[in-house]
Amino acid sequence: MSTTAIELTDINKNFGSVCANKDVSLKVKSGTIHGIIGENGAGKSTLMSILYGFYQADSGEISVKENKTVIRSAHDAIAAGIGMVHQHFMLVDTFTVLENVVLGTETGFSLQESLQNSKLELQRLEQDYHLEVDINAVINTLPVGLQQRVEILKALYRGAEILILDEPTGVLTPQEADHLFRILGELREQGKTVILITHKLREIMAITDNVSVMRQGEMVAHRKTSETNREELAELMVGRKVLLQIEKAPAKPGKPMLTVEHLDFTDDSGVHRVKDVSFEVRSGEIVGIAGVSGNGQTELMEVITGIKSLQKGQLKLNDHTILPSVSADAAVMRKYGMVHVPEDRQRRGLVTSFSANENIILGYHKDPAYNQLIEMDKTAIMQYCKKQMEHFDVRPDNPQLRASLFSGGNQQKLIVARELQRDPKLLVIGQPTRGVDIGAIEFIHRQIIAMRDAGKAVLLVSVELDEILSLSDRILVMFDGQIMGEVLAKDANERALGLLMAGVRKEAA
Amino acid sequence: MNENQANVLVVTLVTIINLLLAFFISGIVIWSLGEDPWFALETMLYGAFGYDEGLGYTLYYTTNFIFTGLAFAVGFHCGLFNIGAEGQAYIGGLGVGLICLWLEDWSLWIVFPLAVLTSIVAGGIWGAIPGYFKAKRGSHEVVTTIMFNFIASVIMVNLLSHVLRPPKEMSPESREFAEGVWIPQMHEIFNWFGLEITQTPLNGTFIFSILCLFLVWRLIWFTSWGYEMRTVGINESAAVYAGISVSRNIIIAMAVCGGLAGFVGINEIMGSSHRIMLNFQAGIGFTGIAVSLIGRNHPFGIMLAALLFGILYQGGAELSFEVQAIDRHLVVLIQGLVILFAGALENLFRPQVEQYVKQIVRR
């Protein structure tokens with residue numbers, strides 16, 4: 001019988017009146033991969049932050065390797081043999097791999113000496129765990145997959161026996177994710193314990209031995225992975241039955257609504273972000289743009305929606321031609337029949353310190369329906385907001401409430417309500433369900449399909465491959481600013497798309 | 001109690017506590033100089049309120065601070081830190097003065113609207129140029145507006161000593177306007193209704209400043225124009241997303257700031273001195289920043305904060321006159337403490353007050 005690596009007993013943590021963790025207990029066996037799954041805001045990250053010493057629990061006990069341990073800081077956690085790989089890497093971009101790994105553990109006065117001493121140890125670790133990285137490479141020259149490896153090496157170098165990974169696959173292609181899982185398997189073989197935090201069911205099923213499900217701050221279930229399935233886990237996460245696969249009728253594409261021709265974009269710092277991209281979106285179809293984040297999708301969307309000005313190429317939107325010489329901002333694009341649900345709702349889609357009713361008119365505030373002769377018609381706006389909140393099931397349905405006080409899913413519904421109610425010709429929607437709970441995902445997906453069935457053209461940009469696959473009729477894959485290929489959704493599979501996302505052309509594959 | 005009311009309560013309590021603290025420390029300083037702090041406070045309040053001449057001066061200063069306070073607040077809501085009210089008021093006053101010199105035979109009913117318009121245009125241009133640099137070239141408005149204060153100062157010195165100074169006069173100021181274009185002073189206005197008050201520089205501009213408070217309040221929170229400005233101020237990328245022109249809003253907001261600051265010229269030049277003088281705006285523009293910050297950039301708060309600084313100016317002058325150990329510099333110290341606690345250290349007690357208010361709300 002294997003020993004217990006970590007045991008948490010009745011952990012409670014409150015932030016003001018918000019209860020982030022309530023009587024959470026968790027037992028992780030040594031030498032296993034233990035998944036913790038839950039929606040955003042379920043309390044997974046808080047729990048791990050308590051374990052890693054970022055927060056102190058209000059009450060409860062932590063035992064590491066069957067010894068009661070008090071963890072007051074990350075330092076204590078490292079001393080207890082706990083290592084963490086954060087969702088956003090904590091690396092110094094301009095340092096080499098070796099320098100990053102050594103950072104914070106240098107001994108003596110001479111840096112060169114500690115680097116020399118560490119070199120052998122690091123090379124040994126790389127060999128033992130098959131974590132090959134060039135130790136002299138500078139971090140910002142490495143792809144994200146390798147940067148993540150450096151993070152893992154860093155934890156191991158500090159003597160971690162227990163490794164916590166927080167949403168590790170968010171930035172990886174499916175192939176890179178598979179590679180990461182092989183590494184995790186290797187670590188398990190060597191007797192390390194891995195805690196994997198994620199909201200993706202696929203990953204839990206693929207790699208973990210045991211899984212714990214969190215919902216609204218509570219631990220709702222512990223399962224052996226071999227004895228459960230995706231449907232059960234999803235239901236546990238949400239607390240009710242959910243439809244994982246969306247039903248939709250075949251598309252009936254009409255005439256082209258958006259035509260992009262030879263679009264090219266270079267950003268302010270001179271990086272060539274979008275390279276000669278051409279495609280079209282017809283009414284009544286959903287075109288999905290897949291790709292690992294940071295491959296030019298954001299910039300492409302920003303140019304199409306008028307946020308960044310068109311530099312080269314041309315756009316045709318609903319029979320209006322937009323050329324680089326004619327400036328067309330977001331207001332003009334809206335007038336031509338485009339609506340836009342931006343990928344970053346906190347920063348772009350909402351003014352979070354405005355109330356819901358001020359946000360529901362963002363971009364449409366000049367509409368005569370909301371304006372009297374001089375001042376705005378607050379009563380009309382309030383009524384409109386109230387109506388939309390009911391229609392799109394935004395909770396709480398209080399138009400006076402500040403946008404920042406809504407949950408991620410409800411914020412997104414508010415934006416979707418604002419944009420979809422405009423009877424557009426074209427909907428451009430980016431990361432529609434990022435940071436949105438499963439219940440709202442289902443709702444938003446159905447809204448997108450409904451738009452398509454109503455004969456609107458939909459351009460969907462998402463880094464979630466599942467989302468692209470289940471919604472799109474045609475899929476374009478972007479890599480390094482270019483479109484690597486086009487696949488019909490019915491012929492697509494994760495492997496083929498993954499290769500395109502990694503920049504491997506079909507002919508070569 | 002809902003969230004908004006709780007916020008208002010927190011802000012009010014925090015401000016009151018900070019002011020009390022500032023006065024408490026001032027009291028210690030006065031006490032350490034061997035004077036009775038209670039007597040000093042009494043003298044100050046009497047000087048500011050106790051008799052109608054004192055009150056007249058207090059409200060006269062208040063009028064100026066309302067204008068420059070608003071000039072800062074409008075920019076602040078658009079994400080700008082306008083510290084150029086000083087220069088904008090100066091140039092706005094120049095516009096007012098030139099109109100009065102030029103049209104001094106005309107009726108006040110025509111000259112007043114023209115003067116308002118000119119101060120808006122003159123002060124507005126002085127605000128809009130830094131606004132343009134900010135919007136199109138990214139030059140920071142703190143740097144450019146302070147430079148524009150100096151430029152305004154140099155222009156005025158030159159104009160007043162070489163162009164506008166009547167021949168054979170020694171002091172650098174223009175000639176006096178004809179009496180027909182003077183804004184009626186408060187004692188004259190009261191006289192129309194058969195009431196007697198002492199003559200002070202307080203004039204009809206005070207009523208105009210209250211109107212401006214109201215208009216700015218409606219502009220910022222009730223028009224689509226104010227909506228755009230606030231969006232730009234809080235979240236520029238959301239503004240771009242919404243198709244709101246960031247650069248246009250910045251330029252317009254700066255122009256509005258300049259226009260509001262320019263109204264100081266109406267109060268000072270048309271209402272009181274009746275000639276263009278050197279440094280008539282001295283310090284008013286900068287005090288406006290403190291007024292606006294202490295008043296939470298809200299017209300209602302600005303009204304109260306402007307009154308507070310009116311009291312400090314007038315009551316402080318009285319204090320240094322009446323109490324021997326207290327001179328002009330100590331009055332500046334008291335004003336400085338108010339700015340320090342209510343402006344710079346505004347969040348010193350905020351966590352505790354928030355905690356306390358939360359407890360009340362729960363009950």
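# Note on a predicted two-chain model

1. Helix H6 of chain A has a buried set made up of A:Glu176, A:Ala177, A:Leu180, A:Leu184 and A:Leu187. Seen down the helix axis, these buried residues fall within an arc of 100°, so they line one face of H6(A). An α-helix has 3.6 residues a turn, so residues three or four places apart point the same way. The model is predicted, and that applies to every point in this note.

2. What does the buried side of H6(A) pack against? Its partners in chain A are strand S3 (33-37), helix H4 (111-129), helix H5 (144-157), strand S7 (162-166), strand S8 (193-198) and helix H7 (201-207). On the face turned away from the buried side, H6(A) carries the exposed residues A:Arg182 and A:Glu189.

3. The length of H6(A) can be checked against its residue count. The helix has 16 residues, and its first and last C-alpha atoms are 23 Å apart, close to the 22 Å expected at 1.5 Å a residue. Just after the helix, A:Gly191 takes a positive phi of about 95°.

4. Chain A is assigned two domains: domain 1 covers 4-238, and domain 2 covers 256-351 + 419-501. Taken over C-alpha atoms, the centres of the two domains of chain A are separated by 34 Å. In the contact between them, nine residues of domain 1 of chain A meet 10 residues of domain 2 of chain A. On the domain 1 side, helix H6 (174-189) and helix H8 (230-238) of chain A each supply at least two residues. The largest share of that side, three residues, comes from H8(A). By class, the domain 1 side has five nonpolar, three polar and one charged residues.

5. For chain A as a whole, the secondary structure comes to 17 helices and 20 strands. The C-alpha trace of chain A spans about 70 × 50 × 45 Å along its principal axes. A compact globule of 509 residues would have a radius of gyration near 23 Å, and the 25 Å of chain A agrees with this. Of the 509 residues in chain A, 45% are buried. Among contacts in chain A between residues at least 6 apart in sequence, 67% join residues at least 24 apart.

6. Is helix H9 (residues 297-304) of chain A enclosed or open? Eight of its eight residues are buried, so H9(A) is largely enclosed by the rest of the structure. The buried residues of H9(A) include the charged-class pair A:Glu299 and A:Glu302, along with A:Leu300, A:Met301, A:Val303 and A:Ile304. Just after H9(A), A:Gly306 takes a positive phi of about 85°.

7. The loop between helix H13 (378-391) and helix H14 (408-420) of chain A holds A:Pro396. The peptide bond from A:Arg395 to A:Pro396 is cis, with omega near -5°. A:Asp393 lies in the loop between H13 and H14 of chain A as well, and its phi is near 55°, a positive value in a residue other than glycine. Most residues other than glycine have a negative phi, and most peptide bonds are trans. A:Asp393 has 14 C-beta neighbours inside 10 Å and so counts as partly exposed.

8. A:Ala403 is also found in the loop between H13 and H14 of chain A. Why does A:Ala403 count as buried? There are 24 other C-beta atoms within 10 Å of A:Ala403, and a residue is buried if that count is 20 or more. Leaving out residues up to four places away in sequence, A:Ala403 touches A:Leu350, A:Val351, A:Thr352, A:Phe354, A:Ala356, A:Asn359, A:Gln411 and A:Leu414. A:Asn359 is 44 residues from A:Ala403 in sequence, and the two are 7.5 Å apart in space, C-alpha to C-alpha.

9. Between the chains, 20 residues of chain A are in contact with 14 residues of chain B. Helix H10 (330-335) and helix H11 (345-349) of chain A each supply at least two residues of the chain A side. By class, that side has nine nonpolar, five polar and six charged residues.

10. In chain B, the loop between helix H11 (246-273) and helix H12 (284-294) contains B:Asn279. Its phi is positive, about 55°, although B:Asn279 is not a glycine. With 13 C-beta neighbours inside 10 Å, B:Asn279 counts as partly exposed.

Terms used. Residues are numbered from 1 along each chain as its sequence is written. Chains are lettered from A and ligands numbered from 1 in the order in which they are written. This is a predicted model: local features need pLDDT of at least 70, side-chain atom pairs count only at pLDDT 80 or more; totals for chains, interfaces and linings use all residues. Domain bounds come from an automatic or database domain assignment. Two residues are in contact if their C-beta atoms, placed from the backbone, lie within 7 Å. Helices (H or I, at least four residues) and strands (E, at least two) are DSSP runs, numbered from the N terminus. The expected span of a helix is 1.5 Å times one less than its number of residues. A residue is buried if 20 or more other C-beta atoms lie within 10 Å of its own, exposed if 12 or fewer, and partly exposed in between; C-beta atoms are placed from the backbone. The arc is that of the directions from the helix axis to the C-beta atoms. The radius of gyration is taken over C-alpha atoms; the globule rule is 2.2 Å times the number of residues to the power 0.38.
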